[in-house]
Amino acid sequence: MSRFRLLPTAGQQVVLLEHCRHARFIWNLAVEQQQFWQPGRRAPGYKEQSAQLTVIRAEYPWLGAGSQTVQQQALRDFAQAMRNFFVGVHRRPSFRKAGVHEGFRQVGLKPRHVERLTKRYGRLWVPKVGWVRFRWTRAVPAGVKSYRITCDRARRWHVAFAHIPDPIQGPADGSVVGVDRGMAVSAALSTGELLRTPSLSAGEQIRLRRLQQRLARAQRGSKRRQRTKVAIARIKAREADRRRDWLEKTTTDLARRFDTIRVEQLDVRAMMRSARGTLDEPGVRVAQKRGLNRAINRQGWGRLVARLECKAAGRLERVPAAYTSQRCFACGHVAPENRKSQAVFACVACGAGPYNADVNAARNIAAGRAVAVQGDLAVRRSVNCEPQNSVVPPPR
């Protein structure tokens with residue numbers, strides 16, 4: 001996706017919001033139909049839903065006044081989402097919420113629908129809206145056929161042109177790097193580099209805390225509460241933009257510098273599950289788990305690997321994460337006592353260290369070393385560190 005900042009006028013924002021509402025309404029209707037599906041009954045497909053759309057457009061004038069292509073495209077997107085769910089590559093489609101999932105997709109883009117005005121600005125033709133300006137921060141990919149317009153919680157409009165870029169070519173020198181993802185250090189490399197995700201400054205954190213306190217005191221439904229929510233969203237959007245920019249630059253640098261990139265195999269979605277439990281069996285330490293989930297989300301673990309998969313296609317390898325933080329990369333001894341603290345590693349068998357614990361784990365990952373549940377040791381040759389023969393005791 002090539003994303004650009006959209007700059008609609010006040011009148012154009014009203015029409016764009018109507019498109020978003022219509023697309024969200026049609027999507028939610030399709031989700032509701034799927035929820036009432038039962039075994040033995042066939043859920044309506046795209047053709048039946050298109051016929052139903054024609055009926056409700058004639059029945060409800062407010063829906064008929066909207067763009068039919070936007071509403072039909074919402075049904076196509078839902079049909080594709082259901083296919084992705086059945087093949088197991090995506091979760092089941094769920095309801096979209098106003099103010100959170102604001103956007104719609106448009107297909108049939110032609111070259112004459114995108115024009116460059118100046119060095120910094122261009123314009124895009126949107127049905128029932130007209131020409132909408134956007135910031136020309138990079139070249140629009142050639143041959144794009146569709147785009148998606150979204151509005152985030154900070155009330156910023158963006159347009160993303162559907163485009164799959166070519167993978168980045170590696171140096172072809174056989175170099176290997178291991179990447180260990182953590183909390184204190186976002187990404188530790190086997191070369192010894194420690195990379196950290198940028199966050200809010202001290203002043204921004206103070207302002208965010210004050211805005212959150214003001215939001216807690218504001219009356220629900222008031223204009224003050226709405227303005228405070230937008231101010232909070234702008235600060236969080238600033239942090240998300242910095243994180244996204246850092247991830248893009250970091251993954252591009254790794255894809256260009258190393259021929260093979262190895263990361264630990266983590267189920268980030270399972271690690272971020274809530275600990276609330278149920279009414280019958282409530283969870284314990286829920287607030288602490290919530291804080292851990294937010295910290296993991298701020299590090300961008302999932303997006304880091306997702307971008308590496310796209311930029312270093314075919315050159316990304318996953319290594320089991322078992323005992324990579326307790327294993328000495330020099331002698332192969334595995335013991336919890338090797339990890340002196342969060343940041344210090346010193347082997348109790350060979351006396352190696354002390355050195356950074358995250359770098360030690362990254363070197364184990366680069367060598368393809370991991371101890372499985374049965375206690376087996378999977379060792380693969382690496383240019384960063386050569387494995388040595390050692391006896392690894394089975395895990396307790």
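Residues are numbered from 1 along each chain as its sequence is written, and side-chain values use heavy atoms, with hydrogens and water left out. Because the model is predicted, local features need pLDDT of at least 70 and side-chain atom pairs count only at pLDDT 80 or more, whereas totals for chains, interfaces and linings use all residues.

Helices (DSSP runs of H or I, at least four residues) and strands (runs of E, at least two) are numbered from the N terminus. Two packed helices are described by the angle between their axes and the distance between the axes. The axes are lines fitted to C-alpha atoms, for helices over the stretch in contact, and angles run from 0 to 180 degrees between N-to-C directions.

Helix H1 (10–35) packs against helix H2 (residues 46–59) at an angle of about 125 degrees, with the two axes 12 Å apart. That angle makes H1 oblique to H2; under 35 degrees counts as roughly parallel, over 145 as roughly antiparallel, 65 to 115 as roughly perpendicular and the rest as oblique. H1 passes H2 in a right-handed crossing, a crossing being right-handed if the near helix is turned clockwise from the far one by less than a right angle, and left-handed if anticlockwise. Contact (heavy atoms within 4.5 Å) is made by Ile26, Leu29, Ala30 and Gln33 of H1 with Gln49, Gln52, Leu53 and Ile56 of H2. This contact has 5 nonpolar, 3 polar and no charged residues, where Ala, Val, Leu, Ile, Met, Phe, Trp, Tyr, Cys and Pro count as nonpolar, Asp, Glu, Lys and Arg as charged, and the others, Gly among them, as polar.

H2 also packs against H4, at about 150 degrees and with the axes 10 Å apart. The two helices are therefore roughly antiparallel to each other, and their crossing is right-handed. From H2 the contact draws on Tyr46, Gln49, Ser50, Leu53 and Arg57, and from H4 on Gln68, Gln71, Gln72, Leu75, Arg76, Phe78 and Ala79. These residues divide into 5 nonpolar, 5 polar and 2 charged.

By class, the contact of H5 with H6 comprises 6 nonpolar, 2 polar and 9 charged residues.

Ile168 is found in the loop between strand S7 (157–161) and strand S8 (176–181). Its C-alpha atom is separated by 7.6 Å from that of Thr252, 84 residues apart along the chain. Apart from neighbours within four places in sequence, Ile168 is in contact with Thr252, Ala255, Arg256, Lys311 and Arg315.

Rolling a probe the size of a water molecule over the atoms shows where empty space is left. On a 1 Å grid over the protein atoms alone, a cavity is a set of points where a 1.4 Å probe fits but cannot get out, and a pocket is an open set with protein on both sides within 12 Å along at least five of seven lines; lining residues have an atom within 4 Å of a point. Grid points are joined across faces, edges and corners, and a volume is the space filled by probe spheres set on the points.

The structure holds 1 cavity of 30 Å³ or more, and about 60 Å³ of space lies in the largest cavity. H1, helix H4 (68–87) and strand S2 (102–107) each supply at least two residues of its lining, with the largest share, 4 residues, coming from H4. The second largest pocket holds about 310 Å³ of space. Of its 17 lining residues, Asp180, Arg181, Gly182, Glu264 and Ser325 lie nearest its centre.
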